[in-house]
Amino acid sequence: WIEKSSLSAVVIFPSSASLHSETPTAYQPFVDAIVRSGRACLVPLSPGTFSRQGTVHGMSASEQREVLIEMSQDLSRSIDYLESRVDIDASRLAFWGYSLGSRFSPVFDAVDDRFAANVMVAGGLYQGGEFFTIRPSLPEYDPFHFAPRSYTPAIMINGRHDFLRPVDTHQVPLLQLLGAPDEDKKHVLFDSGHAPPQIGVIRETLSWLDLYLGPVEKIRN
């Protein structure tokens, strides 16, 4: 016989590539690594992403705000779904964001506090006014204002030579702004550009999940 306990789970929020791609196949290596480690994964199809694509370029500030509100609402509904499943331990959920997902993670985490761990890959403060530029036009959806209210233990995994979000001006300030205690924050730098090496991201992700979600319980035969 096999005895299985409820699984911890990781909710994945992708980069801006999801605004142009029909499927989340680019994240398959990360999903595979997390699942093979013994945890569940959920990739919400947020408004504007993958099969729900829309045009975010050229949107007004208020339209961008509405899109982000819809993304946040869908993320919360995804967590509601996980809580409804008997095979998922909803007390052990993690957020995993890449670039765009990482950039907005302080917003999502401050609005919905059900995450026990936060993994921010290629993240940092904004660089403009649209989804792809430097700072949002409206303060009510600027992650800068949400970061101090984001208390979840967070690891930032970045490239040392990231030209989109440089270390000193974008990465470190965001880490300092996050509301989690200093002992629950970590910054890992790789000698890369905007995208850290896949193997390194996977290694640091699994270590952080083990630390804050607890080690994966083995299946007993």
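Two strands are said to pair if DSSP finds at least two bridges between them, and the legends below use the word in that sense for this predicted model.

**View 1. The parallel pairing of β1 with β3.** Strands β1 and β3 run in the parallel sense and are joined over 6 bridges. Within this pairing, V10 stands opposite A94, a residue of β3.

View 2. Six strands form an open sheet in the order β2-β1-β3-β4-β5-β6, and their pairing is parallel. Because β2 (40-42) and β6 each have a single partner strand, they stand at the edges of the sheet, and one side of each is left without a neighbour there. On average, and with direction ignored, neighbouring strands are turned by 20 degrees against each other.

**View 3. Helices packed on the sheet.** Helix α1 packs on the sheet, where it touches β1, β2 and β3, and its direction makes about 150 degrees with that of β2. Helix α2, which spans residues 61-83, also touches β1, β2 and β3 as it packs on the sheet, and its direction makes about 150 degrees with that of β3.

**View 4. The largest nonpolar core.** This core has 24 residues, and those with the most contacts inside it include V10, F30, W96 and I157. At least two of its residues are supplied by each of several elements, among them β1 (7-13), α1 (28-36), β3 (88-98) and α7 (198-213), and the largest share, 5 residues, comes from α7. Once its neighbours within four places in sequence are left aside, F30 is in contact with W96, Y98, Q198, V201 and I202.

Key. Residues are numbered from 1 along each chain as its sequence is written. This is a predicted model: local features need pLDDT of at least 70, side-chain atom pairs count only at pLDDT 80 or more; totals for chains, interfaces and linings use all residues. Side-chain values use heavy atoms; hydrogens and water are left out. A nonpolar core is a set of buried Ala, Val, Leu, Ile, Met, Phe, Trp, Tyr and Cys residues joined through side-chain atoms within 4.5 Å. Buried means under 20% relative accessible area, exposed over 50%, partly exposed in between (1.4 Å probe, protein chains only). Helices (H or I, at least four residues) and strands (E, at least two) are DSSP runs, numbered from the N terminus. Contact means heavy atoms within 4.5 Å. Axes are lines fitted to C-alpha atoms, for helices over the stretch in contact, and angles run from 0 to 180 degrees between N-to-C directions.
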